[in-house]
Structure formats: C-alpha cells, structure tokens
Amino acid sequence: MSYPRLKKKDLAGKVIDAHSHAGVALGAYGRAEFPYAQTIEGLYYQQRSGGVDVNVVFPFTADLYFDMPPLVAGRYLKARGVISPVPFQVENTLLLREVFDYCPELSRRFLPFISVDPARETRAQLRVIKQLLKRYPVYGIKINPVICQSPVSALLKAGQCFLSFAKEHNLPILLHTSSVAADVFSYAGNAFKVIDAHPEIRFCLAHCILFSKSFLDRALAAPNVWVDTAAFKIQVDLCRDLAGKVISRRNLIDADFNDHDDVHAAICNQYGARIIWGTDSPAYVYICRRQLSKTKWQDFDYKGRYEDEVRLLRNRPPAVRRTVSNHNTIRFLMGT
Ligand SMILES: [Zn+2]
C-alpha cells in the first residue's frame with residue numbers, strides 16, 4: 001500500500017513551518033548537549049500550541065552510520081558493525097514510518113523530506129531512497145553538510161546523483177548554510193556554486209544565511225532560491241556575538257540586531273519574495289560544541305523556544321504572514 005500525496009490545494013491557507021526535525025542526534029546526546037531528540041507526536045503538540053497546520057520535517061543526523069565513541073569525540077568514521085548500512089537509511093525509514101504508519105492520524109500535518117549525506121556512499125543511499133519512495137510520499141531533500149562533515153560542493157561530484165534525482169522527481173532541496181567561510185562544509189559561497197549550476201532545481205538556504213546582505217541579494221536575484229528563517233531568535237543572538245569579529249557588520253542587513261522583531265520585520269520587508277518561515281524545531285535552542293573543520297570547533301550556548309519563533313511570525317501583518325508561511329513555501333515545495 002502507498003499513501004496519498006498532498007497537493008497545492010491541500011495546503012491552501014495553511015500555516016506551514018518549513019524547517020523541523022524528528023528523530024535523535026546521538027552525538028549530541030552522547031556529549032550531553034541540547035537538543036537531541038523529537039517525535040512527530042511532540043511536534044504535533046507544538047503545532048497545536050503555535051497555531052501551525054503543517055510542518056516540513058526531516059531527520060536530525062546520520063549518526064547511526066558512524067562509530068559512536070569517535071563520533072562523540074568529533075570523528076566521523078563508518079562503524080564496523082554498522083547499524084544504518086548507508087547514511088540516513090534508518091533515520092529516513094523511521095521518519096516516514098512515524099509520519100505515515102505509526103501516527104496515521106497526523107499524516108496530513110507533515111511533509112517529510114529525506115536527508116542525504118552528499119559525499120558518502122551516494123549511489124547506495126539513492127537505492128534505499130528509491131525503495132522508500134515506492135511506499136511513502138516524500139516532498140524534498142534536506143542536506144546539512146556540517147552534521148555529516150561532508151562539503152556541500154560534493155553535490156557537484158559524488159552527490160551529483162541526488163541533483164539528478166531531485167530534478168527527475170521535481171523535489172526541492174533545503175540546504176543548511178552559513179555565511180562564515182570557516183564553516184568549510186556549509187559555506188553559502190560553495191552552496192551558490194551548486195545552485196548556479198542547476199537553475200532547474202529549487203533550493204532553500206536555511207537560517208537567513210546569517211543575515212548576510214551579499215548572499216541574500218544573490219538569493220533574491222536567482223530564480224530558484226528561497227531562504228528560511230529557521231531558529232531566527234538564536235540566529236540573531238549569534239549574529240550579534242559574531243558581528244565585527246567573524247562576520248562583517250557592514251554586510252548585515254539593515255536592522256537593529258538588539259531587537260529580534262526588528263530584524264524579522266526588516267528581512268520580510270527587504271527580501272519578502274523569498275523568505276520562508278521555519279522554526280528549526282527543536283533546534284531553536286542550541287547548546288553544544290559543533291565541529292567546523294578537522295581542527296576547529298565552535299561553542300554554542302543559545303536559548304530560544306518554539307513560541308519565540310511563532311511570535312515573530314504573528315507580529316507580521318496578515319499579508320506578510322501569508323506570504324512567508326504559505327505562498328512562498330508552496331512555491332518552493334511544489335514549483336509554479
Ligand atoms: Zn535544522
């Protein structure tokens with residue numbers, strides 16, 4: 001048996017959270033960091049509290065593919081007695097089972113994306129994904145280069161098969177990105193090399209690209225790029241800490257970074273045609289050490305809540321709200 005696929009008309013008028021996770025992040029759990037887990041049922045109760053109708057949802061990490069003790073220490077090695085034979089095999093399978101088999105009463109509230117590692121065992125990953133697609137509707141592909149320590153540029157080499165697959169199935173791709181070049185895996189400058197080479201594929205760059213004016217201008221100028229607001233509250237906090245040090249103040253969008261709401265209003269005004277509201281649930285809080293390269297780690301200690309993300313959306317005028325939580329989202333998800 002296979003499940004029906006939601007269409008544009010099923011999403012009309014709905015408030016869509018375009019960026020959320022389900023599953024576990026075992027590396028974070030092993031380091032006693034936060035957050036580390038979420039279920040579809042838990043997300044549903046967040047939806048109820050926030051007046052959200054539908055969530056785009058994807059796995060957290062590919063940790064079941066890796067050897068756990070080195071992973072916790074920051075080394076990504078394939079485990080010998082591997083639990084997930086290829087990256088995200090178990091995680092993608094469980095996500096789809098959770099949405100469609102285990103919580104059928106909630107299925108119509110979720111748009112699952114599958115996650116891929118753009119560099120490791122890519123053809124084998126694709127074989128597994130094709131099997132899953134026979135049974136389950138999938139609405140897009142999520143790639144977080146830094147959580148599997150694979151560069152986004154691998155999409156132009158070993159990961160090319162995922163681009164062909166996205167094109168063939170009309171699936172959009174959501175990329176975790178950073179405007180900080182020291183994040184060698186997720187640097188937006190490298191993401192744009194992939195995007196510019198593939199104008200036929202719809203991409204969304206996550207986390208407002210850390211409010212980088214030059215990258216946001218590039219997104220606005222490209223026909224195939226959207227930008228999500230995931231974990232907005234703590235991205236603003238992070239930006240305030242990095243401005244003048246790691247990122248240039250002059251390259252930030254024009255807004256008061258001491259006021260989350262002012263930044264949210266500014267990005268919606270200046271880049272509204274491409275902005276998509278998403279919360280990053282449950283990663284709207286981020287208390288962890290993240291590895292940026294073989295030798296560089298970055299400490300995060302940032303606290304936000306689902307209601308902070310919801311409030312920012314509610315503070316916008318109704319027309320802006322509809323644009324960023326519905327119209328733009330549907331265009332990114334399903335095309336025009
Ligand atoms: Zn995320």
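Trainee: Which side chains meet in a salt bridge at 2.9 Å, N to O?

Mentor: Side chains of opposite charge can pair when their charged atoms come close. A salt bridge is a side-chain nitrogen of Lys or Arg within 4 Å of a carboxyl oxygen of Asp or Glu. Here Asp237 and Arg240 form such a pair. Both lie in helix H11 (residues 232-242), three residues apart, about one turn of the helix; helices (H or I, at least four residues) and strands (E, at least two) are DSSP runs, numbered from the N terminus. This is a predicted model, in which local features need pLDDT of at least 70, side-chain atom pairs count only at pLDDT 80 or more, and totals for chains, interfaces and linings use all residues. Residues are numbered from 1 along each chain as its sequence is written, and side-chain values use heavy atoms, with hydrogens and water left out.

Trainee: Is Asp237 buried or exposed?

Mentor: Buried means under 20% relative accessible area, exposed over 50%, and partly exposed in between (1.4 Å probe, protein chains only). Asp237, at 8%, is buried, and Arg240, at 32%, is partly exposed.

Trainee: Which residues are the protein donors of the zinc ion?

Mentor: Donors are N, O and S atoms within 2.8 Å of the metal (3.2 Å for Na, K and Ca); water is not among the atoms, so sites may look incomplete. In this structure the donors are His19 (NE2), His21 (NE2) and Asp280 (OD), at 2.0 to 2.2 Å from the zinc ion. His19 belongs to strand S1 (residues 16-24) and Asp280 to the loop between strands S9 (275-276) and S10 (286-291), so the pair ties together parts 261 residues apart in sequence.
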